[in-house]
Structure formats: structure tokens, C-alpha cells
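I opened this entry to keep track of what I look up in the structure. I go from the overall build to single residues.

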Amino acid sequence: MLHQKSPHVLCVTQRLRNSELIDPSFQWHGPSGKIISENSTTHITSTGSLVFQDFQESMTGAYTCFLEYKPTVEEVVKNLQLKFIVYAYREPHFYYQFTARYHAAPCNSVYNISFENKLLQILSKLVHDIKCEVSLLKSECHHVKMQKAGFQNELFFKFAVSCADTEKGEKGSKPCEDHDCDYAKRLSKAKNLIERFFNQQVEVLGRRASPLPEIYYIEDTLQMVWINRCFPGYGINILKHPRCPECCVICSPGSYNPSDGTHCLHCNNSMVFGAKACL
């Protein structure tokens, strides 16, 4: 997992793990060449296991361990090579998608456009303090025939709510690691704030004695779905990574993910891990 300490990558087979090894020596090579026993990003234990201290995307790739040992004191030295592919992965970057309907002014009215902008401003302000954002996906006006009634104009809104998982500082963006940065917790709070806002609109209209305004929220039309997405260069692949079926794993050579979809796409020209374009 990105920016985390890894499990131990063992430099022995299952059979040798339960055997006695005389004078074993271990040497690891990775994408950048020979790995020294101790540095800021990797550590080789006394038993030859490789441990990543703070796994970075650039560390993805092929790793080979060269093991030399004697099965017994009398036997000659034996050599063994073990090869691994180590993949970076990260949790899905999910978000909420909302839809809502409003009674509207005539579809060619500038009041609808003005209202759309105002609604987006209000929703964005609601979640700004918890480092979340609202983006409008679609806004359409339709002429709707009501059940056992005439026609009315309605605005159909679709918007997404997501939260930042990086902090902006003097040196640019960095992963948000403070306890207040809990992505799921902040996104859940944003969802609750938005649901409360629409419920309050219903309450206000219910207490209104005068005629309804021309544009107002239609009760019970707010709908929400949870959508998973992966960052560019990552994708979910249950067949290739069955032990991590919901992980966004870095795209292998021959594939890429250009945006925030959930799967890596095929690309013969992609020769690197984590490709974000098919060039």
C-alpha cells in the first residue's frame, strides 16, 4: 500500500523456509539495481527478507533475490533466484453522486440559470470547511406531464460530492495524514450536511402560508449513490489481483487509466507501470 510499511517479502521457498540453511547469504535487486541492506526506503532483515519502509509508486516493478546456502556443512554451495513483481496499490477514491428535482420557471428562463449557480454556491459552501467539494455533473430543464394533472417545468440536477485527500502547502500537495483528514468520515459528514439542507427546504415550504415560489425543491426527489473510482494510473482487477479484489492497483505495462475510472484499459504502447495515457 502506498506510503505504508510493507509485509516481509521472503527470500526462501516454502520448502526451504522449514529447512536448516548453512551460511546463507542474500542479495536483492530491484528496478533501480542492487538494494543495500539499509536505506531510507527499504530494509533487508538478517534472514534476508525485504521490507519497504514507505512504499512509493516508483518502487513498483520486478525484484529478484539471489540466495546462496549449503544444505549441510559437507555439501557444495547452492544458488537460488526468486523473482517477484511488487505492485503499488491504494484504496478506492469513492464519492457520492446526488440527483434532485426542482419545480422550475419556464425552461428558457434566465431565472433557472441564476438559481442553478446559486444552488451550487450554497452546496459548495456547506462542505468547504471539511475540505470537500461539490461539482455539477448535469443540469437539465424538462416539461413534465404530471399524474392526473397538467404539465409543469422541472429542473433535473445531478452533482457529485468528493473530498480532498491531499493538503496544500508551500511545497505543493502532499498526502493528508492528520486524523482530521479521514476521507470516509469527512465524506459521510458532507453527505449528512447536504441531506439536511434538502430536508430543511421541505420544512420551510411546509410552514409557508403564502403561495409557493416559482422555483422550489420537490420533496423526496433527492437520490444518492456511492461510486468507486481509482486515481489515474490505477485500476481494480479481480482476476489479476484476486487477493485484493477492491484495491486500486497500479496499472501493469500494456494498460493505462487516463482519468478516474475504476479499471485499467488495454494499450499495446504502454511500457511502464502506472501509465496515465496510451502513447
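**Entry 1: overall build**

I started with the secondary structure. I count three helices and 18 strands in the protein. This is a predicted model, and I read it as such.

Next I asked how spread out the chain is. The radius of gyration is 28 Å. The globule rule gives 19 Å for 279 residues, so the protein is more spread out than a compact globule. I then looked up the extents along the principal axes. The C-alpha trace spans about 100 × 40 × 35 Å.

The accessible surface comes to about 17400 Å². Carbon and sulfur atoms hold 52% of that surface. Of the 279 residues, 35% are buried.

I also checked contact range. I took contacts between residues at least 6 apart in sequence, and 60% of these join residues at least 24 apart.

**Entry 2: cores**

Which residues touch the most other members of the largest nonpolar core? I found Y102, L123, F159, V161, I194 and F198, in a core of 27 residues. I then traced where the members sit. The helices α2 (110–128) and α3 (183–206) each supply at least two residues. So do the strands β8 (95–103), β9 (132–145) and β10 (151–163). The largest share comes from α3, with seven residues.

**Entry 3: a three-stranded sheet**

I turned to an open sheet of three strands. Its order is β7-β16-β15, and the pairing is antiparallel. The edge strands are β7 (89–90) and β15 (234–235), and each pairs on one side only.

I followed the contact between β15 and β16. Strand β16 covers residues 248–250. The two strands pair in the antiparallel sense over two bridges. What is the bridge partner of G235 in β16? I found V249 there.

H241 lies in the loop between β15 and β16. Is H241 buried or exposed? Its relative accessible area is 12%, and the cut-off for buried is under 20%, so H241 counts as buried. Leaving out residues up to four places away in sequence, H241 touches Y87 and V249.

I moved to the pairing of β1 with β5. Strand β1 is residues 22–30 and strand β5 is residues 61–70. Six bridges join them in the antiparallel sense.

How many bridges join β5 to β6? I count nine, and the two strands run antiparallel. Strand β6 is residues 78–86. Here I noted that E68 stands opposite N79 in β6.

**Entry 4: T41**

I looked up T41 as another loop residue. It is found between β2 (33–35) and β3 (42–44). Its relative accessible area is 27%, which makes T41 partly exposed. I listed its contacts, not counting residues up to four places away in sequence. T41 touches V51, F52, Q53, D54 and M59. T41 and V51 are ten residues apart in sequence and 8.6 Å apart in space, C-alpha to C-alpha.

**Entry 5: positive phi**

Last, I looked at two backbone angles. H3 is not a glycine, but its phi is positive, about 65°. H3 lies in the segment before α1 (14–17). At 32% relative accessibility, H3 is partly exposed.

D23 also has a positive phi, near 50°, and is a residue other than glycine. Where is D23 placed? I found D23 in strand β1. At 63% relative accessibility, D23 counts as exposed.

Notes: Residues are numbered from 1 along each chain as its sequence is written. This is a predicted model: local features need pLDDT of at least 70, side-chain atom pairs count only at pLDDT 80 or more; totals for chains, interfaces and linings use all residues. Side-chain values use heavy atoms; hydrogens and water are left out. Two strands pair if DSSP finds at least two bridges between them. Helices (H or I, at least four residues) and strands (E, at least two) are DSSP runs, numbered from the N terminus. A nonpolar core is a set of buried Ala, Val, Leu, Ile, Met, Phe, Trp, Tyr and Cys residues joined through side-chain atoms within 4.5 Å. Buried means under 20% relative accessible area, exposed over 50%, partly exposed in between (1.4 Å probe, protein chains only). The radius of gyration is taken over C-alpha atoms; the globule rule is 2.2 Å times the number of residues to the power 0.38. Contact means heavy atoms within 4.5 Å. Accessible areas come from the Shrake-Rupley method with a 1.4 Å probe; for residues, only the protein chains shown count as cover.
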